[in-house]
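Dear colleague,

Please read them with the structure open.

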Amino acid sequence: MKIAILGGSGKLGQAFAARLRQTGHEVAIGSRDPSKAEEAAAKAGRGVRGMTNSDAAQWCDIAIVSVPYAGHRTLFESLKEALNGKIIIDATVPIDPENIFQIKTASGRSAAEETAAMINGAFVFAAFQTISHRVLRQLDVSHDVLVAGGPARKPEVLDLIRSMGLRAIEAGSLEIAGHLERMTVLLLSINKANNIKESGIKITGV
Ligand SMILES: NC(=O)c1ccc[n+]([C@@H]2O[C@H](COP(=O)([O-])OP(=O)(O)OC[C@H]3O[C@@H](n4cnc5c(N)ncnc54)[C@H](OP(=O)(O)O)[C@@H]3O)[C@@H](O)[C@H]2O)c1
């Protein structure tokens, strides 16, 4: 499959590219700036392409999104047609810039639910909120990835995550996305309280 990482030039995007290039899927890094996309793709390694977010959204079967919440609405508003009917895996965490231990969105709902409202013909999932980019880059280690979204096309998302050497955990419907986004700020608080950088979540009993 063709997997685009929108906002892929950033910290989490580069970690996604590192994992995805081992899967056999075709991978493209998207950026607002084509030269930045090319640069990030070259850094990610052979086989990864660089293109604008818009071209990557057109090209892909599945779009993984890793942009700061400040750019989330603008990005999706510009990609409504390109992403219609596609799978979107949204890793955005809408951290409140005034208090990094809280989330805050324009609508009061999760960022992923805002995505689904903007691109209503897409299959939207929230995932990866609880994994730090540094941890994701430890390519030989499996981690739990909590996935929220409706049943349609979810098996493809779970399979993609498994192909990345990660354990996909079914977390429920998209209305659970806000809990995943809040888990990130919980982890940030745990990091601060313990003077560490990468606490994570492991689900037992599944
Ligand atoms: N970092 C983590 O460990 C981690 C873990 C879980 C979830 N997340 C979430 O994933 C998202 C990305 O995190 P990150 O750390 O990778 O962020 P980042 O490095 O700060 O930014 C990612 C990319 O987003 C693009 N971008 C920045 N501002 C934008 C805007 N206003 N509009 C559109 N695109 C913009 C930039 O790409 P171009 O300039 O190339 O367009 C940038 O390289 C955030 O929502 C974050 O909360 C991060």
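Which exposed residues does the face of α2 turned away from its buried side carry? They are Glu-39, Ala-42 and Lys-43, where exposed means over 50% relative accessible area, buried under 20% and partly exposed in between (1.4 Å probe, protein chains only).

This is a predicted model, in which local features need pLDDT of at least 70 and side-chain atom pairs count only at pLDDT 80 or more, while totals for chains, interfaces and linings use all residues. Residues are numbered from 1 along each chain as its sequence is written, and side-chain values use heavy atoms, with hydrogens and water left out.

Helix α2 covers residues 34-44, and its buried residues are Ala-37, Ala-40, Ala-41 and Ala-44. Seen down the axis of α2, these fall within an arc of 100° (taken from the directions from the helix axis to the C-beta atoms), so they line one face of the helix. An α-helix has 3.6 residues a turn, so residues three or four places apart point the same way. Helices (H or I, at least four residues) and strands (E, at least two) are DSSP runs, numbered from the N terminus. Among the elements that cover the buried residues of α2 are α1 (11-20), β2 (26-31) and β3 (48-52), with contact meaning heavy atoms within 4.5 Å. Just after α2, Gly-45 takes a positive phi of about 115°.

As for the lining of the largest pocket, α9 (177-194) is among the elements that each supply at least two residues, and the largest share, four residues, comes from α9.

Best wishes
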